[in-house]
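This briefing covers strand pairing, salt bridges and surface charge in the structure shown below.

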Amino acid sequence: MEKERKKLTVGLSWDKAIGKNIKSIDNKEIGKIKQISKDFVQIDKGLVHKDHYFVPKYFVEGYDENDDIIISLTEDEIKNKFMNESNPPSDILDDDTYKQRKESLNKKYPNFDDDIPQFSPVVGSGNDQDSTSEGGEEGAQMSWEKVMGKEVKSSDKEEIGKVKSVGEHFVEVEDGVISKKRYFISKKHLHKYDGDKVYISLSKDEISQKYQRDSPPLDTELEGMDKGEKDQELIPSMAQEPGLEIKTPSMDEGLKIDWNEIIHKHVRAADNVDLGDVDKVGNEFIVVREGFAKVHLYYIPKKHIIKYDGSSLWLNLSSISASAKFERKNEPSEEEMENLLNE
């Protein structure tokens with residue numbers, strides 16, 4: 001109960017953030033906040049030869065227990081994108097990924113324009129920073145700070161390397177001392193953290209083929225890399241529904257849906273709120289993943305699907321109902337799934 005009360009604490013107001021330290025998501029010191037505008041945070045570092053950054057406001061993830069402000073990008077990403085710009089890079093405000101992040105944060109934190117939310121470094125299906133997942137079926141659940149330097153293993157139990165840094169979409173893994181190999185592995189493949197090692201839901205060969213490279217993927221590459229993924233692992237207790245047609249009581253006629261095609265498609269509630277993207281598909285459920293540094297999972301029965309327009313699945317539920325009824329920290333048991341189907 002104490003942790004839940006802490007999460008309801010009113011955020012640090014933006015006007016009181018001037019002079020606060022800024023840290024990247026990989027825990028690197030970036031500088032101090034000099035000023036804050038409607039859309040940007042200006043950060044300065046150094047006394048004589050100053051570096052400065054104009055970071056879009058919605059890349060702020062929150063403030064930690066020391067009142068340091070956390071940016072949801074790695075140190076390299078911040079330097080590459082925003083270092084020593086003479087003017088704020090206004091073009092990024094029209095970037096689709098940034099717009100989606102803004103929409104997501106506004107949904108989770110309606111007062112974001114007034115207050116900075118409290119930072120929670122947990123990534124995965126749970127909300128407890130000190131929790132770990134033991135069976136893999138509950139999803140990756142970890143504090144990024146705790147996994148830095150940890151060993152990474154593939155699904156075929158091969159050693160991949162150690163976690164070097166954590167970005168917005170990828171975990172950087174480095175292997176070797178002299179002839180180093182680097183992997184930028186999509187976070188969606190994080191399978192389990194046992195407190196000692198991080199496990200990936202891909203074989204070593206798959207990791208090498210998809211994610212071995214010398215530098216992080218560019219923004220222009222991210223969308224293509226995501227769309228190219230067709231091998232989503234099904235949740236163990238869910239079998240993929242045969243055939244392509246779905247007919248629910250909410251539909252006038254059946255829908256023909258290629259279940260592989262809807263992976264990563266948006267899911268919209270009846271009140272037009274974007275709940276997130278389809279992460280996995282089961283026999284009678286879809287699993288929707290929403291969020292960046294803090295992930296929310298929804299196990300939604302397919303009977304609530306009313307439309308698919310090629311880019312989004314539409315539900316006959318409001319966003320409030322979807323959250324209240326179907327948001328889960330962990331994969332439901334068979335008994336819980338039965339109860340969800342009867343909601």
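Seven strands form an open sheet with mixed pairing, in the order 23-24-19-20-21-22-25. Its edges are strand 23 (305–308) and strand 25 (327–328), each of which pairs on one side only. The model is predicted. A search of the whole structure finds ten salt bridges.

- Strand 25 pairs with strand 22 (residues 296–301) in the antiparallel sense, over two bridges.
- Leucine 297 has arginine 328 in strand 25 as its bridge partner.

- Strand 13 (residues 170–175) is mostly covered, with five of its six residues buried.
- Four bridges pair strand 13 with strand 12 (residues 159–166) in the antiparallel sense, and a hairpin of three residues joins strand 12 to strand 13.
- Within strand 13, valine 171 stands opposite valine 166.
- Strand 13 also runs antiparallel to strand 14 (residues 181–186), to which six bridges join it.
- The hairpin formed by strand 13 and strand 14 has five residues between the strands, and glycine 176 in the turn has a positive phi of about 100°.
- Arginine 182 in strand 14 stands opposite glutamate 174.
- Arginine 182 also forms a salt bridge with glutamate 172, with the closest N and O atoms 2.6 Å apart.
- Because arginine 182 lies in strand 14 and glutamate 172 in strand 13, this pair ties together parts that are ten residues apart in sequence.
- Glutamate 172 counts as buried, at 4% relative accessibility.

**Other salt bridges**
- Lysine 34 and aspartate 44 meet through their side chains in a salt bridge (3.9 Å, N to O).
- Lysine 34 belongs to strand 3 (residues 29–36) and aspartate 44 to strand 4 (residues 40–45), so the pair ties together parts that are ten residues apart in sequence.
- Lysine 34 counts as partly exposed, at 49% relative accessibility, whereas aspartate 44 is buried, with a relative accessible area of 13%.
- A salt bridge also links the side chains of glutamate 61 and arginine 101 (2.7 Å, N to O).
- Since glutamate 61 lies in strand 6 (residues 60–63) and arginine 101 in helix 3, this pair ties together parts that are 40 residues apart in sequence.
- Glutamate 61 and arginine 101 are both buried.
- A network of salt bridges links Lys28, Glu75 and Lys79.

**Surface charge**
- A patch of negative charge on the surface gathers Glu85, Asp91, Asp94, Asp95 and Asp96.
- Aspartate 96 lies in helix 3 (residues 96–108) and counts as exposed, at 60% relative accessibility.

How values were computed
Residues numbered from 1 in each chain as written. Predicted model: local features only at pLDDT ≥ 70, side-chain atom pairs only at ≥ 80, totals over all residues. Heavy atoms only, no water. Patch = residues over 30% accessible without salt bridge, like charges linked within 9 Å, V, L, I, M, F, W, Y side chains within 5 Å. Areas by Shrake-Rupley, 256 points an atom, 1.4 Å probe, with all protein chains shown as cover. Salt bridge = Lys/Arg side-chain N within 4 Å of Asp/Glu carboxyl O. Lys, Arg positive; Asp, Glu negative; His and termini not counted. Charge placed at Lys NZ, Arg CZ, Asp CG, Glu CD. Buried < 20%, exposed > 50% of the residue type's maximum accessible area, 1.4 Å probe, protein only. Pairing = 2+ DSSP bridges.
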